[in-house]
Amino acid sequence: MLVNAKDILKESKVIQFNINNLEWTKWILEECNYLHKNVILGVSSKAINYMGGPNTVFLLVEGLMKDLNIDIKVCLHLDHGKDVNLCKKCIDAGFTSVMFDGSSLSMDDNIKCTREVKEYASLFNVTVEGEVGVIGGALPDALAVNNFVLKTNVDMIAFAMGTVHGYGHMDINWTLLDNVKKNTNVPLVLHGGSGISNDTLKLLINHGIDKININTDLQFVFSKAIRRFLNMNSDVYDPRVILGSGELALKNEVKNKLDVLDGRCLD
Ligand code: G3H
Ligand code: ZN
């Protein structure tokens, strides 16, 4: 069932896996369904353009869910939407959640645009994620995060806490995370979830993170598997076979990340 992020988060913490093409979408849905884990499918504006547009992405997800008999809860979420109009287009296309990323704006403009997105999204029961600070850059203070949540009424909040997108150097500010958790009562989102050990991810969950976003780790294992396959099979040219050689690696990594939602960390 396609639901908004709140419907999933009221039941459990969740992993957002980013999708980049049909294959990833199919395999992530299959693996999560097999493991009975609700999932958020995140899609960036670049991935949306790559796949054709918001309507194509929505119909792809909707079609796969029907054809594959997916019976977990699935949320289709715009990741890092930097444009109010793109957020609205995704909502119009049927997305059940959007992120407005106003990290490049002044705090006042970020609040203003996020509110506009939230007001529109509310008409369609679509959830909204906001962002304070810059992932991989300036960290906000905990009160600014709470103030942003109160003024925008977002359903979940991402804030810079020392993680990075991709595999750069990270330095998690645990005190900031604890203070935000104490002061803010909407679900907290971790961006830049790749390159973090499962024990640290579990610890982040124990400290109050509700949604973990993963993209680069999937890209890494997928491309590594395909590169290996092509190096060993120079005569294969069927795109289904070439892309299909990444299926097992991608599904294994999805399973590996979902493991974070179970069990306790060692730290
Ligand atoms: O918004 C998407 C995530 O923050 C993904 O970060 O590529 O480091 O996994 P990642
Ligand atoms: Zn992100």
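Select Lys37 first. In this predicted model, Lys37 is buried, with a relative accessible area of 18%. The cut-off for buried is under 20%, so Lys37 qualifies at 18%.

Lys37 and Asp262 form a salt bridge, and their closest N and O atoms are 2.8 Å apart. Asp262 is partly exposed, at 37% relative accessible area. Trace the chain between the two. Lys37 sits in the loop between α2 (22–34) and β2 (39–44). Asp262 belongs to the segment after α12 (247–258). The pair links distant parts of the chain, 225 residues apart.

Next, go to Lys257. Its salt-bridge partner is Asp217, with 2.8 Å between the closest N and O atoms. Lys257 lies in helix α12 and Asp217 in helix α10 (residues 216–232), so this bridge ties together parts 40 residues apart in sequence. Buried or exposed: which describes Lys257? Lys257 is buried, with a relative accessible area of 3%. Asp217 is buried too, at 9%.

Move on to Arg240. Arg240 forms a salt bridge with Asp238, the closest N and O atoms lying 3.1 Å apart. Arg240 counts as exposed, at 68% relative accessibility. Asp238 is partly exposed, with a relative accessible area of 24%.

Then select Lys26, Glu30, Glu247 and Lys251 together. Salt bridges that share partners join these four residues, Lys26, Glu30, Glu247 and Lys251, into one network.

Finally, show every salt bridge. How many does the structure hold? There are 17 salt bridges, including Lys37 with Asp262, Lys257 with Asp217 and Arg240 with Asp238.

Methods
Residues numbered from 1 in each chain as written. Chains lettered and ligands numbered in written order. Predicted model: local features only at pLDDT ≥ 70, side-chain atom pairs only at ≥ 80, totals over all residues. Heavy atoms only, no water. Salt bridge = Lys/Arg side-chain N within 4 Å of Asp/Glu carboxyl O. Helix = DSSP H or I, 4+ residues; strand = E, 2+ residues; numbered from the N terminus. Buried < 20%, exposed > 50% of the residue type's maximum accessible area, 1.4 Å probe, protein only.
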